[in-house]
Amino acid sequence: MRAVGSLWWREILRFARQRSRVTGALVQPLLFWLLLGSGLSPSFRPPGAPAGLGYLAYLYPGILVLVLLFTAIFATISTVEDRQSGFLQGVLASPLARSGIVLGQALGGTTLAVGQGALLLALAPLAGLSLSLPGLLASVVVLALVGFALTSLGLVIAWRLQSTQGFHAIMNLILIPIWLLSGAFFPAGGVASPLAWVMRLDPLTYGLAALRRCLAFPSPMPAGELPGLALSLGVTVLFGAAMFGVAAATARRSAAA
Amino acid sequence: MSVPAVELRDLRQRYGDRVALDGVSLTVAPGEIVALLGPNGSGKSTLFKILATLLEPTEGSARIFGHDVRRDADAVRRQMGVVFQQPSIDKLLSVEENLLHHGALYGLARATLRTRVAAMLERFGLTERRGERVGRLSGGLARRVELAKALVVGAEVLLLDEPSTGLDPLARREFLAHLGELRDRDGITVLLTTHHLDEAERADRVAILDRGRVVTLGAPEELKAALGGEVLVIQVASAERLRERVRLRLGLEAAVVDGAVRLEAPRAHEIVPRLVDAFPDEIRSITYGKPTLEDVFVHLTGRRFAAAGTS
């Protein structure tokens with residue numbers, strides 16, 4: 001466990017020492033949220049939303065998840081860079097099991113994701129959301145679960161890649177679409193049914209639904225077509241466990257060089 | 001006899017049709033420094049990866065203090081410090097953080113680790129630079145951190161892949177001196193791959209690798225002495241023709257290597273005047289020397305060391 005802890009701590013140190021990463025991971029989603037949210041606010045009204053809940057507020061949980069996604073992407077790039085720089089060789093020649101290596105990486109990424117998510121949570125009042133304390137705590141837990149799942153997904157990709165080339169294609173084809181289709185951007189209620197089905201199959205939909213419900217706690221969710229909390233949490237935990245399992249298996253098979 | 005530090009038996013590695021190792025056997029005693037000398041493509045990197053447990057051999061066995069790299073990789077990893085050709089330290093971490101992190105990967109208890117890290121920093125003259133980020137260190141110093149990192153885990157066998165890559169001659173000599181000291185003071189076994197002849201000269205024994213096979217194994221002095229004394233390299237316009245004529249007129253067996261005629265003889269310097277008298281118009285230059293490991297390689301493979309990697 002000391003080994004896993006050390007890998008975790010390294011991820012955090014490395015993040016803190018790369019100022020551009022710190023800035024980028026925070027400012028980008030914030031800008032995105034403010035520009036997009038305020039731009040679309042006048043024309044967009046979530047179905048079933050009480051009057052006064054603008055697009056800025058609708059988009060807010062989606063932006064939280066986007067922060068998690070960005071962190072997962074950074075965890076991916078970081079792992080590929082470790083391979084390229086040669087650092088990973090030393091880790092692979094150590095007695096630590098491959099699953100332990102992946103766990104350290106995933107926990108490091110998750111911690112960073114939750115940390116950044118928590119900073120953004122502090123801005124919730126700006127989105128017109130007043131959070132209850134239980135709602136806030138539950139939201140942090142959901143952020144951790146979703147962050148772990150997304151980081152693990154990133155690691156599945158990272159352990160297959162030899163270089164960061166081609167990573168953009170993967171990002172555009174996999175990571176961004178699962179975010180776009182999670183209901184972060186628009187609710188499933190208003191779209192054609194094939195797309196609604198795709199959204200229902202997107203595991204991130206459930207993470208986002210759980211987050212929406214926790215943020216709104218104790219009041220019931222305004223947008224009516226969200227999956228229930230128990231289902232959402234269940235799918236999110238399964239998603240995380242499955243992604244971690246695949247990432248560990250990928251690492252075991254991965255060639256060392 | 002005690003258990004050998006490293007024992008390779010008929011090790012073979014194939015990548016598809018390509019044979020990288022073609023039956024390598026080698027035994028290294030505890031406390032010995034052995035260099036695996038070979039040009040690029042000789043198989044030494046493959047051998048290194050197998051010993052570092054990063055590649056499973058197709059056939060044969062490799063054991064470290066009796067532990068098989070395939071069946072008992074965990075025990076092998078615990079006993080071995082590995083220095084890769086490519087740096088494996090984190091440039092964003094300090095010298096000390098790198099050592100602490102690496103030790104933690106090996107599951108060392110915090111107190112033990114602190115003591116060992118302090119000892120290693122002292123040992124390699126890094127104590128004053130311990131807080132500095134590795135990315136800011138010179139090449140020689142960074143290489144020392146690699147060595148300290150490999151040893152901080154309490155390794156009994158040190159495995160190094162082209163350790164002096166990117167070092168200037170002074171830093172290289174210093175690095176090799178450190179290896180000798182490790183062996184003398186701590187009885188650490190060192191196995192290193194290299195394509196630098198001077199690096200191999202410093203080892204207790206040299207195994208020369210060519211095309212996946214060990215072509216010879218012995219102390220550097222022994223290998224050179226076996227060549228029988230002295231070497232002449234004669235530059236001429238037509239090496240093949242001169243070789244033939246040397247055989248007919250002087251009764252000496254020469255070889256053509258890389259466009260030059262090469263003669264090995266116990267007292268080769270005595271032949272020089274005879275050569276110049278016999279072929280005054282053809283000879284451009286004659287180089288005379290005691291055999292080097294390069295000559296050993298040429299003698300055994302018929303190719304020059306530097307040229308072998310690319311051919």
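Start by selecting chain B: of its 311 residues, 44% are buried (20 or more other C-beta atoms within 10 Å of the residue's own, with C-beta atoms placed from the backbone). This is a predicted model, where local features need pLDDT of at least 70 and side-chain atom pairs count only at pLDDT 80 or more, while totals for chains, interfaces and linings use all residues. Residues are numbered from 1 along each chain as its sequence is written, and chains are lettered from A in the order in which they are written.

Switch to cartoon, and chain B shows twelve helices and 14 strands (DSSP runs, H or I of at least four residues for helices and E of at least two for strands, numbered from the N terminus).

Next, pick out the open sheet of chain B, whose six strands run β6-β7-β8-β3-β9-β10 with mixed pairing (strands pair if DSSP finds at least two bridges between them). Its edges are β6 (80–83) and β10 (213–218) of chain B. Zoom in on β3 (residues 33–37) and β9 (residues 205–210) of chain B, a parallel pair with four bridges. Here B:V34 sits opposite B:R205.

Finally, bring in chain A. The contact (C-beta atoms, placed from the backbone, within 7 Å) uses 19 residues from chain A and 22 residues from chain B. On the chain A side, α1(A) gives the largest share, six residues.

Key
A residue is buried if 20 or more other C-beta atoms lie within 10 Å of its own, exposed if 12 or fewer, and partly exposed in between; C-beta atoms are placed from the backbone. Two residues are in contact if their C-beta atoms, placed from the backbone, lie within 7 Å.
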